[in-house]
Amino acid sequence: MRGRSLRPNTSWPLGLTVYTLAIVAVAFSCSLRGLPLWYQLTVAVIPIFAISFLWLTNQIDPGTIPPDQNKDITVVLLEDGHTDVPNYSQYGRDAKGRWTRAVFTPEGHQDLEKYCEECNVWRPRRGYHCSKCGFCMDRGDHHCDVMGTCIAKWNHRFFTAFLLAAQIGCGLMMGGSIWRLSKLGFPHGDGIWNNPETSILLFLAVFYGYHVAVLIFGNMHAVGICFDFTTKDVGSNDDGECEDNLPCLPGRRNPKALLRSWQLVCCGPIVWTSHLEVLPLNGTETKHTEMVDSNIDSHHGWLPMP
Ligand SMILES: [Zn+2]
Ligand SMILES: [Zn+2]
C-alpha cells in the first residue's frame, strides 16, 4: 500500500472567509448603521465564531481510520480458501465482492463491517472510503467540496456549528436591514420610495434572507446530531441500499446509545491534519500519530459475533 496524507483543500474555505467578511462589511456600512451598539456587537462577534468553525472543520482530522500497511491476515487466509479461520461463519462478501464480517456493536446490535482493500482496515458499517481524501472515514456524513474535506465523526459538530452561526449571523443582518428600514419610516414615510437607501436595504433584506433559507440544511445537521443520524444514513449507502439507521426504526435509539453518540460526536478530540503523520511513498511504513491511533480505539471495542 502506498503512503498517503490527508491534505484538506483550502481554496473554497478561503473564498468563503473572504465572502463572509465582505457581506459583514456591507451589513455594517448599510444595514446596521444607527442601530443599538449591542446589536452591532452581536453581529460583529458571530462571524468570528462562524469563520473559526469553518477552519476547524477544514483543518482537523474528520475521522480518518488509520490505514494499515499490511493486509489483514484473516483476509489473506480467506482468499487462499482457508475455512479454518476463527469465527469463519461471520465472514462473507457483499454484492461488490468486498469482504464483510458480522460484529456486535457495544450496544448489542448486529452490524456488518466491510474490508477496505485500499486502507487494509475493517471499517464500521457507518464508515465509507472517500476517494477524494484517500482514507476510510468513520461515521462519515459526506465529502464536502466547499469545506475541502470530509464531514465525519470528529468535525461534524464544527460543520454544523459553522452552518448555524452563519445562519444566525445572516438572520441578524436581515433583521438589521428591516429594523433600519422601519427607522427610515418604511413603507409609508415621506419620500421613502425615492430614497435610494430604501432599495438597497430591501435588496439586502432579501439577500440575507436568502442565505438564511439556504443554510436551513444546518438545522437538519443539528437534528441529525441530536438523533444520531448522518446524511449517509438518510440516503443510500455505497451499494445503493437504504441504510437502516433512521431514528424512526426500532432498536436503534435508546438513551444510552444516544448519550454515547453525543459523547462521540460532541466531545471528540481535535487533531490537526498536519499532525496526521503519514510517511512518504517508500512502501515501508505508513503510520498515524499515537493520538490518532488512540482515538480510533473505539473500533476495537466492536466485538466479533460468537
Ligand atoms: Zn479505505
Ligand atoms: Zn473526503
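Student: Which residue of S7 stands opposite Thr 64?

Tutor: Met 137 in S7 stands opposite Thr 64. The model is a predicted one, in which local features need pLDDT of at least 70 and side-chain atom pairs count only at pLDDT 80 or more, while totals for chains, interfaces and linings use all residues. Residues are numbered from 1 along each chain as its sequence is written, and chains are lettered from A and ligands numbered from 1 in the order in which they are written.

Student: How do you know that S1 and S7 pair?

Tutor: Pairing requires that DSSP find at least two bridges between two strands. S1 and S7 are joined by 2 bridges, so the pair meets that definition; the two strands run antiparallel. Strands are DSSP runs of E with at least two residues, and helices are runs of H or I with at least four, both numbered from the N terminus.

Student: What makes S1 and S6 edge strands?

Tutor: The open sheet of 3 strands has the order S1-S7-S6, with antiparallel pairing. Strand S1 (64–65) and strand S6 (128–130) each have a single partner strand, so one side of each lacks a neighbour in the sheet.

Student: Why is H1 called roughly antiparallel to H2?

Tutor: Helix H1 (residues 11–31) and helix H2 (residues 37–59) pack at about 175°, with their axes 11 Å apart. Angles under 35 degrees count as roughly parallel, over 145 as roughly antiparallel, 65 to 115 as roughly perpendicular and the rest as oblique. The value falls in the class over 145, and H1 is therefore roughly antiparallel to H2. Among the residues making this contact are Leu 16 and Val 24 of H1 and Ile 51 and Trp 55 of H2; contact requires C-beta atoms, placed from the backbone, within 7 Å.

Student: What is the peptide bond from Phe 186 to Pro 187, cis or trans?

Tutor: That bond is cis, with omega near 10°, and Pro 187 lies in the loop between H4 and H5. Most peptide bonds are trans.

Student: What makes a set of residues a nonpolar core?

Tutor: Such a core is a set of buried Ala, Val, Leu, Ile, Met, Phe, Trp, Tyr and Cys residues joined through C-beta atoms within 7 Å. The largest one here has 44 residues, and those with the most contacts inside it include Ala 50, Cys 136 and Met 173. Helix H4 gives the largest share, 12 residues.

Note on methods: Axes fitted to C-alpha atoms, helices over the stretch in contact; angles between N-to-C directions. Contact = placed C-beta atoms within 7 Å. Buried ≥ 20, exposed ≤ 12 C-beta atoms within 10 Å, placed from the backbone.
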